[in-house]
Amino acid sequence: MKSVAMVAAFLAAWCVTGPALAEDFAVVGARIYADPQAKALENGVVIVRDGRIAAVGSRAQVSVPQGMKTIPGAGRTLVAGFWNSHVHLMTHDLLHPDAADPAKLAGQLRDMFTRWGFTTVFDLTSSTASATALRRMIREGRFAGPQILTVGDPFFPKNGTPVYARPVYEAEHIAVPEIRSTPEAVARLDRQAQAGVDGVKLFAGAILGAEDVMVMPADQIRALTAAAHRHRLPVFAHPTNREGMNAAVENGVDVLAHATPIAGPWDAAQVRKLVSAHVALVPTMMLFEVYPADSTPVATVVQQVHALSEGGGEVLFGTDAGFMDVFDPSAEYRLMAQAMDWRHVLAALTTTPARRFGQSHERGRIARGLAADMVLLDGDPALDTAAFAKVAVTIRAGEILSSME
């Protein structure tokens with residue numbers, strides 16, 4: 001109870017609900033996994049100064065400066081900040097941030113993401129204008145939030161707007177981003193790159209009905225991928241079925257935004273194809289529990305993730321939050337634990353996306369000099385993968401974004 005009271009007093013002094021500036025502090029007494037392959041550092045200390053990690057070590061090695069604020073970590077586990085590599089900033093307020101109450105925006109971002117330890121999110125469909133505006137507002141300190149990466153407006157095939165997306169674009173009065181011609185699409189991609197997007201999303205397999213999937217023409221995928229790579233932007237593909245997946249992989253995409261349960265299990269040849277093309281997977285496993293495609297889709301997804309991980313492929317953590325109104329990632333952790341061990345899950349949350357998206361020099365590990373993006377967990381994921389969802393405190397760049405105290 002003493003540690004709870006200390007944390008509560010610390011947070012009250014910090015005014016965490018507002019856009020507070022990062023303050024120097026120490027996390028003291030936690031079990032620390034500095035990266036997914038590191039041994040546990042018991043009774044550890046992390047010193048944070050100016051939003052960066054200044055020191056990491058045991059209490060015997062690192063002294064906490066007198067008078068420095070502390071977050072008690074005894075009985076808890078400290079890991080690097082989590083990445084959610086598949087979300088959508090698609091609520092009405094997030095799509096129109098300039099007209100929304102900043103406190104309401106902060107609350108939505110907290111409930112959807114930072115409450116669950118996500119210090120970085122990759123928005124895989126919203127609008128370029130809204131996502132970049134939201135990111136700017138966070139950077140300006142108008143309210144607290146995660147680091148936002150975005151693809152902005154996606155690319156749908158001509159006459160291929162997914163059936164579930166049409167009502168959203170109509171209700172929000174947003175132009176539907178279908179491809180009218182390949183040159184026009186490339187020109188739009190160039191404009192989005194200039195506007196500051198961090199990636200490109202192609203609907204290689206667009207769902208038009210229960211059994212109707214439109215596959216984007218290979219020449220369009222190839223042209224848009226080449227244009228994205230000129231801007232050094234990663235390309236995500238919504239694959240849906242085997243045809244959409246093969247069209248994406250064979251024409252240069254970098255990340256599959258979903259697993260493909262209706263394509264059936266992945267054999268060794270399919271895994272080799274993905275690995276040789278250096279294509280990563282964001283499986284969004286819990287999506288297929290909420291919206292099952294057939295009688296046993298989740299078992300198929302578990303097999304695909306296991307096969308890719310065992311075959312040396314890259315798996316990124318993502319929940320599709322924002323498309324789904326289920327923000328608690330517990331189900332995703334439960335399913336991922338069926339496909340890989342806890343260290344691979346931690347890598348999917350930290351080092352793998354940081355490396356894949358060019359931020360391993362800044363994020364993904366707890367190490368001196370890196371940004372102080374960290375998550376304090378109530379429990380040890382080495383003993384129970386469910387502990388990944390038991391988030392006590394979320395810290396980004398030295399600022400507490402969420403606390404359950």
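A polar contact here is a pair of N or O atoms within 3.5 Å; within protein, one atom must be able to donate a hydrogen and the other to accept it, and residues adjacent in sequence count only if both atoms are side-chain atoms.

A word on the model first. This is a predicted model, in which local features need pLDDT of at least 70, side-chain atom pairs count only at pLDDT 80 or more, and totals for chains, interfaces and linings use all residues. Residues are numbered from 1 along each chain as its sequence is written, and side-chain values use heavy atoms, with hydrogens and water left out.

Thr 350 sits in the loop between α13 (342-349) and α14 (351-356); helices (H or I, at least four residues) and strands (E, at least two) are DSSP runs, numbered from the N terminus. With a relative accessible area of 1%, Thr 350 is buried (buried means under 20% relative accessible area, exposed over 50%, partly exposed in between, with a 1.4 Å probe and protein chains only). Leaving aside residues up to four places away in sequence, Thr 350 touches Pro 36, Ala 80, Gly 81, Phe 82, Trp 83 and Gly 364, where contact means heavy atoms within 4.5 Å.

Two of these neighbours, Phe 82 and Trp 83, lead us to the aromatic rings. Rings of Phe, Tyr and Trp (its six-membered ring) pair if their centres lie within 6.5 Å; planes under 30 degrees apart count as stacked, over 60 as edge-to-face and the rest as tilted. By this rule the count comes to 14 aromatic pairs. In one of them, Trp 83 and Phe 357 are stacked, at 6.3 Å centre to centre and 25° between the planes. Trp 83 belongs to strand β6 (residues 82-87) and Phe 357 to the loop between α14 and β15 (374-377), so this pair ties together parts that are 274 residues apart in sequence. Trp 83 is buried at 2% relative accessibility, and Phe 357 is buried at 13%.

A second pair, Tyr 291 and Phe 323, has its ring centres 5.8 Å apart and its planes at 55°, so it is tilted. Tyr 291 lies in the loop between α10 (287-290) and α11 (297-310), and Phe 323 in the loop between α11 and α12 (330-339), so parts 32 residues apart in sequence are tied together. Ring pairs also link Phe 82, Phe 118, Phe 317, Tyr 333 and Phe 388 into a cluster.

**At the surface**

Tyr 291 and Phe 323 turn up again in a nonpolar surface patch of about 480 Å², together with Val 163, Tyr 164, Val 290 and Val 326. Val 163 comes from the loop between β8 (147-150) and α5 (166-171). Here are accessibilities for some patch members and for two other residues:

| Residue | Relative accessibility | Class |
|---|---|---|
| Val 163 | 38% | partly exposed |
| Tyr 291 | 46% | partly exposed |
| Phe 323 | 34% | partly exposed |
| Asn 159 | 56% | exposed |
| His 173 | 75% | exposed |

Asn 159, in the loop between β8 and α5, has a positive phi of about 60° although it is not a glycine. His 173, in the loop between α5 and α6 (182-195), likewise has a positive phi, near 55°.

**Helix α3**

In α3 (residues 102-112), the buried residues are Leu 105, Ala 106, Gly 107, Gln 108, Leu 109 and Met 112. They pack against α2 (92-95) and α4 (128-139). At the start of α3, a side-chain oxygen of Asp 101 reaches to within 3.0 Å of the backbone nitrogen of Ala 103.

Notes. Patch = residues over 30% accessible without salt bridge, like charges linked within 9 Å, V, L, I, M, F, W, Y side chains within 5 Å. Areas by Shrake-Rupley, 256 points an atom, 1.4 Å probe, with all protein chains shown as cover. Salt bridge = Lys/Arg side-chain N within 4 Å of Asp/Glu carboxyl O.
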